[in-house]
Amino acid sequence: MTSSRTPGISRRNFLLGSGLAAAAAAGAGLVGCAPQAPAAAPGADDLAATGEGAATAGEGNVYVSIAEQLNPQDYDYRQNSGDLSQVLSPWKLGNMEFSNRIVKSAAGSNYENGGWDAFVEYYRRLAAGGTEMIWVENFAHIFLPYKNAINANIDEFTDEQVRQLTDAIHAEGAKCGTQTDIMGSAFYKEVSARGGHDAQYFTLEEIDYMVDSYVAAAKKFKAWGFDAWELNCAGNNQTQWFFSKSRNHRDDEYGSQTFENRVRFISRVIDAVHEEVGEDFPIQVLMDAINESDQLIGENAEFNTVEDNIEIAKLLEKAGVASLHMRLGPQEQHATQFLGDLYFDTRGGIGSTSFGGQFDFTRHFQGKLVANHDGCGLMLNLSKMFKDAVSIPVGTVTYLDPAHAPDFMNQAIADGMCDFMMMNRPLTVDPQHVNKLKEGKIDEIRPCTRCCHCWNDTVKGDPYSTEGFGGSCYCCRLDPIRDNVGQEEKGMPGWFDPPAGEGSKNVMVVGAGPAGMEAARIAAERGYTVTLYDKKSSTGGMLSFAAAIKGPHQNLEDYSVWSRADLERKGVNIVTDTEVDAAFIKEQAPDVAILALGGARDSLGLEGDGETNVISIDDIVNAADTIGQNVTIVGGNMQATDVAAYLMEQGKNVTIVTPENANMLAKGQSIWCKRFALPILYAHGMKVWQESELVSAAGGVATVKTATGTETPYACDTVIEAMDMLPNKAMLDELSGIEAYAVGDCDDPYNIEYAIRAGNFCARAI
């Protein structure tokens, strides 16, 4: 097969532009950029949003991003001097004292799917792991008799049941509160059905009813042993409707004409709760720091500015609120209100929304976000403004992970950017997170990869849709415990920790990708003797390739480095540069062999010619010089759309041809990352031919055939084969007499999450 060479693009320039050259150095420090001289930890004045002083991303890059560097990033923010004295310093909330600034936010765990005991154990493990203040998710719907399809009603829980939860947390030396919101309730839907999300649709009787409901809930929560209560007054909750002029068009004493009017409803709640349960039950308010439209970008005339919300915060303090939790306030997309780093996930599309628009962070959100650090510490400038305006503790959220950027987070506390850091995803990935920070074992903390599988995700075989909530699980890419423990039908052996091994066994794992590394890690944790083989010179499989294509946002190189180190800590014998076949396995005679060989690649059978070349997705690095301007990617999986974003960032024109329905596009991607990636790719010109096949590619032209039989030619100088992987487990048939299993893409190709899960479950079962 011959191929054309794109003029003016050398392999060296391609590597520099793509970030692949830097990926090799990821383990040395920064992911996604070449090593640089250590910089001083940023102070308050350095945590500026992007602007004239921001470094231009991509300097020396021959390519122009699809975003034309609208929101340039500085990835040099992850230094670690070893000083976490500020993160691990004491603070107070009400009459409670804590020794560190890390607080578990009230984000959903979904462990209750495994039964109440699993729910309790999840929170107990967080407390045992050093998290001293834990906010339990909104698990009890308080507006009765309106039935909530998401949460159980508050009268469905027994005192003994909830006491089991709070007692377990307290027994580990931690404090706990719970959150109340109204999202998803039948009452919320009933009111919004009168005309929309606007406080004007509440009657005075309904306002009284809500106040009474909050008071009744507070009495139960305190009796159940909770130490504090968080009122969700952000996002799409009814309390936020009162706060915002855009959602409050009342003309009475609850209207938006004055800030006192806007706060009147929640002030009534606070006063009534304190009168009924006492002043020693601290109330924290979760509120938007700033509001902006992410559907119709810039159409925000009635939205609250940061100055508006500061005035509300002052009145909340006056009303007796004990602390404030500040969150981002985009109007339409709930996920980004607490997962604001979703705006940074799509390669080449920083600032992209799920509606196909793109923020200019120097202007939108009043230019106040820390928007040049990949979403890390996004809210710190805003929380500082609130902290300076009130005397009660102020915390904030959005990837405030001291293990990810130690000096950055430590300096943020030192400079008074916030009093406490709300975390969820990193604590779920590693419940021992805080203890490891205290013990100086930061390198042993399993890194969160920010893939968002953990929040309303889809599972393999379910319909994929960008409309509404298409998810049916709350999984974790790296920790298969989440949404599997306690549910025998999902095939996970055992409880939270793997069971001790039965006797002594020699386990041989072939293939050091995500599935193989996890299988080896768990088998060794159970006490077995484990040897891990790989034909490459390093472990990680395709993780480095995936990191280079996706970019630094998802911390995949971090995870690869952590996995290798954890294998070594657990005593796994790692053998690289070794090709393993069935004869070698038989010669070694292990008690158990686990094959994690990776999947097989299919081919279109198209030869191409000098004007249109055909390459495999695996070869886009080695054949980089042959990738032309007009690229067709055949396949509709996550790898295909990731490569599309990667190439479009370089200014390529990308067409996708897939045999499946367009709703299946990006399958294997988490629903939230997908929901943000596809609109920006469409907006920048990606064409998708669904339920179609590529019938020819030659002479600078490709021809696609649709389900109706029509054929359409279009310009194409490169075809990339990115079809779904195929199983690759033929070696099993050659291992008669040996207990052997195939896991991950070798057995059932899909994505990183399913590969790790397969390796984990297999190693638990042997």
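**Close-up 1. Arginine 450 is found in the loop between α13 and β13, where helices (H or I, at least four residues) and strands (E, at least two) are DSSP runs numbered from the N terminus.** This is a predicted model, in which local features need pLDDT of at least 70 and side-chain atom pairs count only at pLDDT 80 or more, while totals for chains, interfaces and linings use all residues. Residues are numbered from 1 along each chain as its sequence is written, and side-chain values use heavy atoms, with hydrogens and water left out. Phi of arginine 450 is near 50 degrees, which is a positive value in a residue other than glycine. Arginine 450 counts as buried because its relative accessibility is 1%, and buried here means under 20% relative accessible area, exposed means over 50%, and partly exposed lies in between (1.4 Å probe, protein chains only).

**Close-up 2. Arginine 446 and aspartate 479 form a salt bridge, with their closest N and O atoms 3.5 Å apart.** Both residues of this pair lie in the loop between α13 (433-438) and β13 (506-510), and they link distant parts of the chain, 33 residues apart. A salt bridge is defined as a side-chain nitrogen of Lys or Arg within 4 Å of a carboxyl oxygen of Asp or Glu. Arginine 446 is buried, and aspartate 479 is buried as well.

**Close-up 3. The side chains of arginine 194 and glutamate 206 meet in a salt bridge of 2.5 Å, taken from N to O.** Arginine 194 lies in the loop between α5 (186-192) and α6 (204-223), whereas glutamate 206 belongs to helix α6, so the pair ties together parts that are 12 residues apart in sequence. With a relative accessible area of 37%, arginine 194 is partly exposed, while glutamate 206, at 11% relative accessibility, counts as buried. In total, the structure holds 37 salt bridges.

**Close-up 4. Lysine 667 forms a salt bridge with aspartate 724, and the closest N and O atoms are 2.5 Å apart.** The pair links distant parts of the chain, 57 residues apart, with lysine 667 in the loop between β19 (653-657) and α19 (671-683) and aspartate 724 in the loop between β24 (718-721) and β25 (739-742). Lysine 667 is buried, with a relative accessible area of 11%, whereas aspartate 724 counts as partly exposed at 33% relative accessibility.

**Close-up 5. Tyrosine 399 has a positive phi of about 45 degrees, although it is not a glycine.** Tyrosine 399 is placed in the loop between β11 (394-396) and α11 (406-414), and with a relative accessible area of 5% this tyrosine 399 is buried.

**Close-up 6. The peptide bond that runs from leucine 144 to proline 145 is cis, with omega near 10 degrees.** Proline 145 lies in the loop between β5 (140-141) and β6 (152-153).

**Close-up 7. Histidine 334 lies in the loop between β10 (323-330) and α10 (380-389).** At 13% relative accessibility, histidine 334 counts as buried. The side chain of histidine 334 makes a polar contact with the side chain of glutamine 337 at 2.9 Å; a polar contact is a pair of N or O atoms within 3.5 Å, where, within protein, one must be able to donate a hydrogen and the other to accept it, and residues adjacent in sequence count only if both atoms are side-chain atoms.
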